[in-house]
Amino acid sequence: MPYGRAGSPRPEDRDGPRDECGVFGIYAPGHEVSRLSYFALYALQHRGQESAGIAAADRGGNIMTRRELGLVSQVFSENDLRTLRGELAIGHVRYSTTGSNAWENSQPVQRSEGTNGSSRELALAHNGNMINAVELHEELSERGVTFSSTSDSEIVAALIATHPAERIEDAIADVLPRLNGAFSIVVMTKDRVVAFRDPHGLRPLAIGVLPPTDGAGRAESASGEETIGGRDGDEGPGEEVEGGEPPRYCVASESCAFDIIGATFVRDVEPGEVVTLGAQGLQSRRVMPDARKSFCVFEYIYFARPDSRMNGQVLQVARGRMGEILARESPAEADLVIPVPDSGNAAARGFARASGLPQDDGFVKNRYVARTFIQPGQELRKHGLRLKFNPLPEVVGGKRLVVVDDSIVRGNTTRQIVQMLRDAGATEVHMRISAPPIKHPCHYGIDMSTREEMIAHERSVEEIAEELGCDSLAYLSLDGVYEAVGATRATHCDACFTGEYPVKGSDGAQGKYALEIA
Ligand code: SF4
């Protein structure tokens, strides 16, 4: 049950696209599952800084949830982790994509058996955004189902919790085709963790395997098989698998969560796939396998941590290649390449490598800025971004600079960066962006401002350069992005650049406050 409440932190003051959410799930008797969840969420913190939560359960016991506004390190105490005992757990870090930043909208959400029309107890954590949340909410409300939040995640939890099917996998297989939008979801009952991805595979979700405990199961490759790590069939909770303990699995939004807990990346959950982590090891079932794959291309460019692996790529390397291709496509007469830290670091290195220009740090970044909850006040406000970036006049003074960043949304931050560099003595500022211009909002779980707020909306690149006050501006082409990640448009979403939305009904989507407006 949820408990505790603290003051709401001020969201990080940034101009770029807002991160979305991170999810984690683990089934691992014999391991400290809540502690492993804590550190996995710690690794996923970049995906959401507004709230964090963990739900844990003993097989057959009660589900206990701790969730709170704030960063992972602020939300959980040692005592919380001792209280959240169990053999299976799920976790969540949140940046609000549907519903405002209120405690009620933090996750995991929990539905209890026998209340609000629920026939099973479960906890659920969700990354993504449901386009048809309002219709589903209306339908459930008409059936007498009640809600305690304005998040679309509780709607999915309610659909599954109230479903009459005996097995949760059957309930999910029936509910999944009714969900329209982007979702990577982990659900926990008292005896298993079930994870599933939308049929387009818009948001990431990866499977990892834990190292065996002393003398126990093996960590074998899990790709492709129907049942891995145990015998096929319907073993009940607590039954031993013949031949010893099966491998213990976990799922996470990004593979960087596996590294921190000593787990090994196995493979991604496939679009439309439902995987069960339980006494049988790992089981898989495909629902709607024929939908067009549309993985978010912006994960490669910006959202995911550089040490995560997606599409077989370590993103740090892919981002370096974006910088190299950017240098090839849009070279600049300059003396020095500097990144906007940290978002432009990898691409700046790539740009410098390919152009043969020297590279240095033109800014020092305050790495703890996300933890500042005190408003700067009138006297300090005029210094604006200096709270976050401080330019180094000794490095940039008298130089023609190439300044590399990964994206521009509204342009306020970039405009200030250009001015700070000029004030620090730079003679020319050439902005190079390792993504195409962002012109369209995302309806799949990323908060990117409205179309009208975007600086690239109905402006040419020259006009944007003038707005930003830089000497030149160039963006990486979409072809260049796909070349860098070794992928094609056919299996990806790039709607924020092109306006071509892969999910039907996206144009009518109502944004993050849909359920509050309705
Ligand atoms: Fe990703 Fe952009 Fe598609 Fe949203 S619209 S899923 S950010 S590529």
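The largest nonpolar core of this predicted model comprises 49 residues, a nonpolar core being a set of buried Ala, Val, Leu, Ile, Met, Phe, Trp, Tyr and Cys residues joined through side-chain atoms within 4.5 Å. Buried denotes under 20% relative accessible area, exposed over 50%, and partly exposed the range in between (1.4 Å probe, protein chains only). Phe298, Tyr444 and Phe497 have the most contacts inside this core. Two or more residues each are given to it by strand 15 (295-296), helix 8 (298-303), helix 9 (315-329), helix 10 (345-355), strand 21 (400-405), helix 15 (478-485) and helix 16 (495-498); helices (H or I, at least four residues) and strands (E, at least two) are DSSP runs, numbered from the N terminus. Helix 9 supplies the largest share, six residues. Another core, of 30 residues, lies apart from it and includes Leu124 and Val175.

Local features need pLDDT of at least 70 and side-chain atom pairs pLDDT 80 or more, whereas totals for chains, interfaces and linings use all residues. Residues are numbered from 1 along each chain as its sequence is written, and side-chain values use heavy atoms, with hydrogens and water left out.

Strand 6 (122-130) is largely enclosed by the rest of the structure, because nine of its nine residues are buried. Leu122, Leu124, His126, Gly128 and Met130 point one way, and Ala123, Ala125, Asn127 and Asn129 the other. Strand 6 pairs in the antiparallel sense with strand 5 (residues 109-111) over three bridges and with strand 7 over eight bridges; pairing requires at least two DSSP bridges between two strands. Leu124 is the bridge partner of Val109 and stands opposite Val187 in strand 7.

Helix 6 (residues 168-175) is mostly covered, with six of its eight residues buried. These are Ile168, Glu169, Ala171, Ile172, Ala173 and Val175. They pack against strand 6, among other elements including helix 5 (152-161), strand 7 (181-188) and strand 8 (193-197), where contact means heavy atoms within 4.5 Å.

The shell around the ligand has ten nonpolar, no polar and two charged residues. Among the residues around the ligand are Arg203, Cys296, Phe298, Tyr444 and Asp494, a residue being counted if one of its heavy atoms lies within 4 Å.

Glu254 is located in the loop between strand 11 (249-252) and helix 7 (256-261). Glu254 is buried, with a relative accessible area of 1%. Its side chain makes a polar contact with the side chain of Ser308 (2.7 Å).

Definitions and conventions. Ala, Val, Leu, Ile, Met, Phe, Trp, Tyr, Cys and Pro count as nonpolar, Asp, Glu, Lys and Arg as charged, and the others, Gly among them, as polar. A polar contact is a pair of N or O atoms within 3.5 Å; within protein, one must be able to donate a hydrogen and the other to accept it, and residues adjacent in sequence count only if both atoms are side-chain atoms.
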